[in-house]
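Please examine the sequence and the three-dimensional structure shown below. The report that follows describes selected side-chain contacts and how they are placed.

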Amino acid sequence: MKPVLLVIRTLALLAGAAVTQVSGATPEEIEAQLLSFLGMKRRPKSSNIVIPEHMIKMYEQQSGLEFETTNFASVGKHTGSANTLRSINSINKDSDSVDDKKSRTYFKFDTRHWPNEELKAAELRVHITPDNQTKRKKLYTLSVLEVISAVKGRQPVLRALDTKTVNAGDSVSSGWYSLDVLPAVERWSSDGKGGGLVVELRAVNQGKEAIRWTVSHPTVLVYTDDGRDGNRMKRDTKPRRKHNRRKFRRRKTNCRRHDLYVDFMDVGWNDWIVAPPGYHAYFCHGECPFPMADHLNSTNHAIVQTLVNSVNPSAVPRACCVPTDLSPISMLYLDEADKVVLKNYKDMVVEGCGCR
């Protein structure tokens, strides 16, 4: 088997994809099966899309957690069992200005190609900056409203979603704000279309000094659950016991973990998989001899099975060397609709092997 095909097949098997053929399958067929596991029908097109900084930070946060989880542990957000985060940019404009006279701006989002995943949470992330800073305390309400319907010649029907208070006289007021837009995204996903959001900055206490704001980088972040079982467990902080090489030298063919690094550049996926560039998957290989030593991490069933095999090899095969402890990884990539996706996949890295 060619190296590239071997790497693709290994990754697919580790990910739990249903790879049906060992030999004879083309790289395209195996890649299609893996893309199906990732929730995509086709390979994403190479694109010069700029990856939002907050998505990179979220990836770094997920990859650096002290516990292993496929769920997003976001403070203050009810993300539930979500293991996927998508970033959806505005398609009509990236920024606009509002003031006391023109207090609203409209952003449109495209949520077509919606995956068959359970929606858990959604937020509008937007950056606001006062163009003329004031030293006086002047409060504004930052609100997001959903456009329910819009008919030419009539006032649009809007629905208020979330509101926060901003002080134009506070230097901290300039920066990123997050507003809950879950009801809007729920409607968009059920309709199979996109929708519009109105961002409003309205002065609470009127005054002579008018403040002009720049509203920029509107992004809808959508948290979903793809239906695959997650896991959460404390990472073992104790150092792993190092075996005496001399003691086990004669047992070097016994069941143990072996190195396997999956490099996405080698399989030509680095143009749509942003991070990581690859990962240490490892694999289990080796014999499960009788009698079984403690370090082989065997179950009672495996011990009995191997005992019966030692007496009558034709009755039952030996126990197999398989992964007994697996951990997840996070992947940041572009999907087929050019959306930036952060997804957590369970059981991707072999942490321990044993006889089963």
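Val311 has a relative accessibility of 68% and therefore counts as exposed, where exposed means over 50% relative accessible area, buried means under 20%, and partly exposed lies in between (1.4 Å probe, protein chains only). Val311 is found in helix H5; helices (H or I, at least four residues) and strands (E, at least two) are DSSP runs numbered from the N terminus. Together with Phe290 and Leu307, Val311 makes a nonpolar surface patch of about 310 Å². Such patches are made of residues with over 30% relative accessible area and no salt bridge, with nonpolar side chains (Val, Leu, Ile, Met, Phe, Trp, Tyr) joined within 5 Å and like charges joined within 9 Å. The areas come from the Shrake-Rupley method with a 1.4 Å probe, and for residues only the protein chains shown count as cover.

The model is predicted: local features need pLDDT of at least 70, side-chain atom pairs count only at pLDDT 80 or more, and totals for chains, interfaces and linings use all residues. Residues are numbered from 1 along each chain as its sequence is written, and side-chain values use heavy atoms, with hydrogens and water left out.

**Disulfides**

A disulfide is a pair of cysteine sulfur atoms within 2.5 Å, and by this rule the count comes to three. They are listed in the table.

| Disulfide | S to S distance | Angle about the S-S bond | Handedness |
|---|---|---|---|
| Cys255 and Cys321 | 2.1 Å | 75 degrees | right-handed |
| Cys284 and Cys353 | 2.0 Å | -85 degrees | left-handed |
| Cys288 and Cys355 | 2.2 Å | -95 degrees | left-handed |

When the bonded cysteines are counted along the chain, the disulfides follow the pattern 1-4, 2-5, 3-6.

Which cysteine sulfur is closest to that of Cys320? It belongs to Cys288, and at 7.0 Å it is too far for a bond. Cys320 is partly exposed, with a relative accessible area of 46%. By contrast, Cys255 counts as buried at 6% relative accessibility, and Cys321 is buried at 14%.

**Aromatic rings**

A pair of aromatic rings is described by the distance of the centres and the angle of the planes. Rings of Phe, Tyr and Trp (its six-membered ring) pair if their centres lie within 6.5 Å; planes under 30 degrees apart count as stacked, over 60 as edge-to-face and the rest as tilted. A search of the whole structure finds six aromatic pairs. In one of them, the rings of Phe109 and Trp188 have centres 6.2 Å apart and planes at 25 degrees, so the pair is stacked. This pair links distant parts of the chain, with Phe109 in strand S4 (residues 104-109) and Trp188 in helix H4 (residues 182-191), 79 residues apart. Phe109 counts as buried at 1% relative accessibility, and Trp188 counts as buried at 1%.

The rings of Trp272 and Tyr333 have their centres 6.1 Å apart and their planes at 90 degrees, so this pair is edge-to-face. Trp272 lies in the loop between strand S13 (261-263) and strand S14 (273-275) and Tyr333 in strand S17 (residues 321-334), so the pair ties together parts that are 61 residues apart in sequence. Both residues of the pair, Trp272 and Tyr333, are buried.

A charge sits over a ring if NZ of Lys or CZ of Arg is within 6 Å of the ring centre and within 35 degrees of the ring normal. The charged end of Arg125 sits over the ring of Trp176, 4.0 Å from its centre, and that of Arg257 sits over the ring of Tyr282, 3.6 Å from its centre.

**Salt bridges**

A salt bridge is a side-chain nitrogen of Lys or Arg within 4 Å of a carboxyl oxygen of Asp or Glu, and the count by this rule comes to 19. One of them joins the side chains of Asp335 and Arg86 (3.9 Å, N to O). Asp335 is in the loop between S17 and S18 and Arg86 in strand S2 (residues 84-89), 249 residues apart. Both Asp335 and Arg86 are buried. Arg86 and Asp335 also belong to a network of salt bridges that links them with Glu117, Asp226 and Lys343.
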